[in-house]
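Welcome to a short tour. Open your viewer, keep the selection tool at hand, and follow the stops in order.

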Amino acid sequence: MKAAILGGTGVYSIEGISTVDENVETEYGLVTVKKGTGKWKDLYFISRHGLDHTIPPHKINYRANIRALTLLGIERVFAIYAVGSITDIVPPGRFGLVSQFIDVTQGRINTFYEGGKSGLKHTPMDEPYCADLRLKILTAAKKRGFPLADSGTYICTNGPRFETPAEIKMYKMFGADYVGMTGATETALAREAGIHLAAVSYSINWAAGIKDDLEFISDKEIEETKNKLTEIALEVLFDKPGACQCNAE
Ligand code: HPA
């Protein structure tokens, strides 16, 4: 089985794993993935904003990234998202398993099924994140005494600008727990592709208007977070598969 880690802000490599770059040609464009070596040869890594964080959320080639995973035969994905906290289910510096998303992006192509030659399919989104991987992550986190909220709703804005306090107030009324700019697009495409994806959010700030300050977590803390998360990812990604709805038609 092959697996991948999809990383975002502050997550540009995997601690302790040497990688080689591999270029994957897709019908949506070229994707450079990092592939593990030796013991980790079946592990891949994509940095969604590019290795030097130059691709803004609305310009990420989501379809190429997800198609590259499919072409490489990758079945499982551990996705990591930096978010801003709306409720205190995941306050800054903490983590949560994402259980639902709300998509308020505009103008992004967020499907592989555009009609015509690409076909038309309405993929169920009742369970957007892989239940099996979620359970495995929760168990691995518990075992380590690692605090991880077991559910939460991610609202995906278009960015790259941050939200206004009025928008955040509205998103809170929608039922969102935290806000990011990439998660819904990526998850929807992965589900369409039948990939088992679980997502962990880590909060780096209070969303606009929630607290007086828009203070961000330091790079050092982000680095420590990343290392704990990747340790859990490596444990769960190659574990024996259990039941989930990821391939429901
Ligand atoms: N808003 C949107 N995306 C984010 C935020 C935020 O406050 N923090 C991290 N990603």
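Which residues are around the ligand? Select Ala-82, Val-83, Gly-84, Phe-162, Glu-163, Val-179, Gly-180, Met-181, Ile-204 and Asn-205; each has a heavy atom within 4 Å of the ligand.

Before going on, two notes on how to read this tour. This is a predicted model, in which local features need pLDDT of at least 70 and side-chain atom pairs count only at pLDDT 80 or more, while totals for chains, interfaces and linings use all residues. Residues are numbered from 1 along each chain as its sequence is written, and side-chain values use heavy atoms, with hydrogens and water left out.

**Stop 1: the ligand**

A polar side-chain atom of Glu-163 is 2.8 Å from a ligand nitrogen. A backbone N or O atom of Gly-84 lies 3.3 Å from a nitrogen of the ligand, and a polar backbone atom of Ala-82 is 3.5 Å from a ligand nitrogen. On its own the ligand exposes 260 Å², and the protein buries 93% of that (areas by the Shrake-Rupley method with a 1.4 Å probe).

Now colour by secondary structure. Strands here are DSSP runs of E with at least two residues, and helices are runs of H or I with at least four, numbered from the N terminus. The largest share, three residues, comes from β5. By class, the shell has six nonpolar, three polar and one charged residues. In this count, Ala, Val, Leu, Ile, Met, Phe, Trp, Tyr, Cys and Pro are nonpolar, Asp, Glu, Lys and Arg are charged, and the others, Gly among them, are polar.

**Stop 2: salt bridges**

How many salt bridges does a search of the whole structure find? There are eleven, each with a side-chain nitrogen of Lys or Arg within 4 Å of a carboxyl oxygen of Asp or Glu.

Select Lys-34 and Asp-21, whose closest N and O atoms are 2.7 Å apart. Lys-34 is in strand β3 (residues 29-36) and Asp-21 in strand β2 (residues 19-26), so this bridge ties together parts 13 residues apart in sequence. Lys-34 is buried, with a relative accessible area of 18% (buried means under 20%, exposed over 50%, and partly exposed in between, using a 1.4 Å probe and protein chains only).

Next, pick Glu-27 and Arg-67, which meet at 2.9 Å, N to O. Glu-27 sits in the loop between β2 and β3 and Arg-67 in helix α1 (residues 62-72), so the pair joins parts 40 residues apart in sequence. Glu-27 counts as exposed, at 54% relative accessibility.

Then try Arg-76 and Asp-132, with closest N and O atoms 3.2 Å apart. Arg-76 belongs to strand β5 and Asp-132 to helix α2 (residues 131-143), 56 residues apart. Are these two buried or exposed? Both are buried.

Finish this stop with Lys-143, Arg-144, Glu-231 and Glu-235, which are linked in a network of salt bridges.

**Stop 3: a cis peptide bond**

Select Gly-159 and Pro-160: the peptide bond between them is cis, with omega near -5 degrees. Pro-160 is in the loop between β9 (153-156) and α3.

Terms used. Polar contact = N/O pair within 3.5 Å; in protein donor to acceptor, adjacent residues only side chain to side chain.
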